[in-house]
Amino acid sequence: MQIYLVGGAVRDQLLVRPIKDKDFVVVGATVAEMLDAGFLQVGADFPVFLHPNTHEEYALARTERKEGLGYKGFSVHASPDVSLKEDLQRRDLTINAMAIEVTSLTDDAPISGDVIDYYGGMADIESKTLRHVSGAFSEDPLRVLRTARFYSRYYDLGFVIADETLTLMHQLVD
């Protein structure tokens with residue numbers, strides 16, 4: 001089992017911004033193992049758990065595939081064989097698709113502090129660019145709103161939306 005700090009906490013750490021909340025991905029674990037460790041399952045559509053003491057969110061690594069209409073029209077596959085790379089690929093923006101491995105379920109101290117970045121999030125932070133991770137971006141219209149929210153949040157830092165991401169956003173609106 002491997003545990004990773006993911007998403008906004010990693011992004012905000014790199015941007016030297018306050019970290020508002022921590023989310024974790026657990027690779028190589030089952031629902032039963034999480035429950036046995038004292039975590040409370042809260043996700044009905046996919047396995048998300050609350051830490052027994054900190055109440056931070058720990059999700060099993062998962063993939064998603066669009067199969068129906070609307071926000072809930074996704075098929076979710078969470079199992080011990082889903083890799084971190086596969087989990088991060090389903091995220092909206094590259095700046096949200098990074099991870100740092102931590103010690104254990106009960107100790108969120110980073111093992112090395114190295115950022116795992118399969119999709120160019122660190123380069124996009126450096127160039128101040130909001131860019132989608134994959135074509136799956138266009139499967140969820142809420143990602144347009146999320147991107148607009150991030151643009152608003154980081155506008156003062158000089159962030160821009162990548163042209164190819166803007167094109168996908170326009171297609172979703174149309």
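Reply: Asp87 touches Val25, Leu60, Ala61, Arg62 and Val82, leaving out residues up to four places away in sequence; contact here means heavy atoms within 4.5 Å. This is a predicted model, where local features need pLDDT of at least 70 and side-chain atom pairs count only at pLDDT 80 or more, while totals for chains, interfaces and linings use all residues. Residues are numbered from 1 along each chain as its sequence is written, and side-chain values use heavy atoms, with hydrogens and water left out.

Me: Is Asp87 buried or exposed?

Reply: Asp87 counts as buried because its relative accessibility is 0%. The cut-offs are under 20% relative accessible area for buried, over 50% for exposed and partly exposed in between (1.4 Å probe, protein chains only).

Me: Which side chain does Asp87 have a polar contact with?

Reply: The one of Arg91, at 3.1 Å. A polar contact is a pair of N or O atoms within 3.5 Å; within protein, one must be able to donate a hydrogen and the other to accept it, and residues adjacent in sequence count only if both atoms are side-chain atoms.

Me: And which helix is Asp87 in?

Reply: Helix α3, residues 84-89. Helices (H or I, at least four residues) and strands (E, at least two) are DSSP runs, numbered from the N terminus.

Me: OK, the core. Which residues touch the most other members of the largest nonpolar core?

Reply: Ile3, Val26, Met34, Tyr58, Leu105 and Leu130, out of 29 residues. A nonpolar core is a set of buried Ala, Val, Leu, Ile, Met, Phe, Trp, Tyr and Cys residues joined through side-chain atoms within 4.5 Å. Elements giving two or more residues to this core include β1 (2-6), β2 (23-27) and α5 (142-154), and α5 gives the most, with three residues. Apart from it lies another core, of 12 residues, among them Tyr4, Val25, Ala61 and Val133.

Me: What is Val26 in contact with?

Reply: Beyond its neighbours within four places in sequence, the contacts of Val26 include Met1, Ile3, Met34, Tyr58 and Leu105.

Me: Switching to α6. Which residues are buried there?

Reply: Thr165, Leu168 and Met169 are buried in α6. They sit on the same side of α6 because they cover an arc of only 100° around the axis; the arc is that of the directions from the helix axis to the C-beta atoms. The buried residues of α6 pack against β10 (129-130), α5 and β11 (160-161). Asp163 and Gln171, on the other side of α6, are exposed.

Me: How many aromatic pairs are there?

Reply: Six, from a search of the whole structure. Rings of Phe, Tyr and Trp (its six-membered ring) pair if their centres lie within 6.5 Å; planes under 30 degrees apart count as stacked, over 60 as edge-to-face and the rest as tilted. Tyr151 and Tyr155 form an edge-to-face pair, 5.6 Å centre to centre with 75° between the planes. Tyr154 and Phe159 form a tilted one, at 5.5 Å and 45°.
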